[in-house]
Amino acid sequence: MPGPSRSPPAATLLPLPPRDPAGWIAYVDLDAYYVSCERRDRPELADRPVIVGPPPGAGPTRGVVLSASYDVRALGVHSAMPVAEAARRAPEAVWIPPDFPKYERVAEAVRACLRRFSPHVEPLSIDEAAVDLGAISADRARTVAAEIQAALRSELGLPASIGVATSRVVAKIASDRAKPGGLRVVPPEEVAAFLAPLPVRAIPGVGPKTEARLTAGGWLTVGQLASAPEGALARAVGPSFARELRALARGHPVATPHSSGGPSSRSADRTFPTDVDDPAELFRTVDRLATELGEALDRSGWRYGAVGVAFRWADFSRASRLRTLPAVAEGPHALCREAGRLARDLWEHGRAPGPPAVRTVSVRVERLHRRAQRQVSLADFAPAGPSVK
Ligand SMILES: [Mg+2]
């Protein structure tokens with residue numbers, strides 16, 4: 001990226017010029033994405049509570065909520081909640097069956113819009129992307145982010161929350177705090193103060209288990225991590241993540257795998273049309289999910305350090321196993337092997353009382369690392385790009 005247009009000092013003995021402005025990242029997160037896609041096509045829904053998911057009562061529904069408008073979320077409805085429970089909590093809601101091809105089409109239009117503002121757009125999921133704004137002033141970064149937000153709203157009818165910072169992880173956390181519809185700029189000198197009061201769970205990569213370990217150590221907020229004794233923190237979360245957490249809490253995020261602000265986990269799941277009590281069928285499904293997930297990760301350049309499997313039993317109770325791998329792995333083979341092992345273990349030891357039957361199975365990976373050997377390109381993400389298969 002070209003630097004700012006400023007004449008270089010003529011004499012060599014002048015004081016050093018001020019440091020170049022930092023490179024800014026705008027982290028764009030579309031609000032209630034599926035709901036927003038439906039509302040833009042049906043303006044009469046603008047002020048109605050909306051849930052995207054298989055409508056309850058339409059035959060034997062076994063599905064879950066995919067997305068809910070913010071007024072519905074205020075009633076305690078969240079994504080992945082069984083539709084029957086969501087319908088009880090939000091009886092007024094308008095239900096809309098999901099239209100995934102539409103959401104993919106709209107996501108491509110979003111990416112095209114973002115690329116007008118920067119050639120460096122990295123989609124991280126169907127409704128999130130990191131936009132590299134380059135080395136510009138903080139004021140300019142705020143202006144460009146506001147323009148992005150306005151363009152998404154006026155041209156595509158989509159509300160977005162945007163976080164702006166000089167590291168992706170801080171930009172992502174800022175976008176979370178800006179939801180819904182906000183814009184939050186965190187300059188480098190304000191990072192530590194911005195993060196200090198936040199719960200540790202606000203950090204990408206800190207899931208429920210890591211949060212529990214941090215809580216047990218007495219660390220509830222990001223600010224408390226800044227002064228955490230290195231050894232104690234390392235014992236709680238491992239030495240490399242401990243280093244990242246301390247650096248981040250002190251306002252100096254390092255661009256390492258967990259804190260890259262990318263997805264901290266990926267998963268694939270399947271809800272069966274009828275509960276499955278045949279372990280062979282269950283294990284085949286686990287194998288297929290693991291294969292698909294492993295291949296998808298491979299295509300987009302991610303490696304993984306932990307594998308998990310979860311069953312939702314017929315009575316809705318949930319059991320899961322997660323195993324951290326001895327070394328970071330890539331591709332479907334290690335994932336299939338490990339997921340198969342965990343699934344057998346769950347079937348043998350994790351079942352609810354009564355005859356075992358599984359309603360939903362999911363396979364997940366955590367501790368994602370960017371693969372270094374291969375440059376990830378837009379073609380890996382953009383459906384319209386050249387195939388990389
Ligand atoms: Mg979103």
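Colleague: Where is P180 found?

Modeller: P180 is found in the loop between α6 (168-178) and β8 (183-185), where helices (H or I, at least four residues) and strands (E, at least two) are DSSP runs numbered from the N terminus. Residues are numbered from 1 along each chain as its sequence is written. This is a predicted model, in which local features need pLDDT of at least 70 and side-chain atom pairs count only at pLDDT 80 or more, while totals for chains, interfaces and linings use all residues.

Colleague: And which kind of peptide bond joins K179 and P180?

Modeller: That bond is cis, with omega at about -10 degrees.

Colleague: Which residues other than glycine have a positive phi?

Modeller: A80 is one of them, with phi near 80 degrees, and R367 is another, at about 55 degrees. Most residues other than glycine have a negative phi, and most peptide bonds are trans.

Colleague: Where are they, and is each buried or exposed?

Modeller: A80 is in the loop between α2 (70-73) and α3 (83-89), and it is partly exposed, with 13 other C-beta atoms within 10 Å. R367 lies in the loop between β12 (358-366) and β13 (369-370), and it counts as buried because it has 20 C-beta neighbours inside 10 Å. The cut-offs are 20 or more other C-beta atoms within 10 Å for buried, 12 or fewer for exposed, and partly exposed in between, with C-beta atoms placed from the backbone.

Colleague: Changing topic, what is the order of the open sheet of three strands?

Modeller: The order is β3-β2-β4, with mixed pairing, and the edge strands, β3 (67-68) and β4 (94-96), each pair on one side only; two strands pair if DSSP finds at least two bridges between them.

Colleague: In which sense do β2 and β4 pair?

Modeller: Strand β2 (residues 50-52) pairs with β4 in the parallel sense over three bridges, and V50 stands opposite V94 in β4.

Colleague: Which helix lies across β2, β3 and β4?

Modeller: Helix α1 (residues 33-41) does, running at about 115 degrees to β2; axes are lines fitted to C-alpha atoms, for helices over the stretch in contact (C-beta atoms, placed from the backbone, within 7 Å), and angles run from 0 to 180 degrees between N-to-C directions.

Colleague: Last topic, where does pLDDT stay under 50?

Modeller: It does so over residues 256-261 and over residues 373-389, whereas the mean for the protein is 84 and 85% of its residues reach 70 or more; pLDDT is the predictor's confidence in each residue, from 0 to 100. Where pLDDT is low, the predicted coordinates should not be read in detail.

Technical notes. Two residues are in contact if their C-beta atoms, placed from the backbone, lie within 7 Å.
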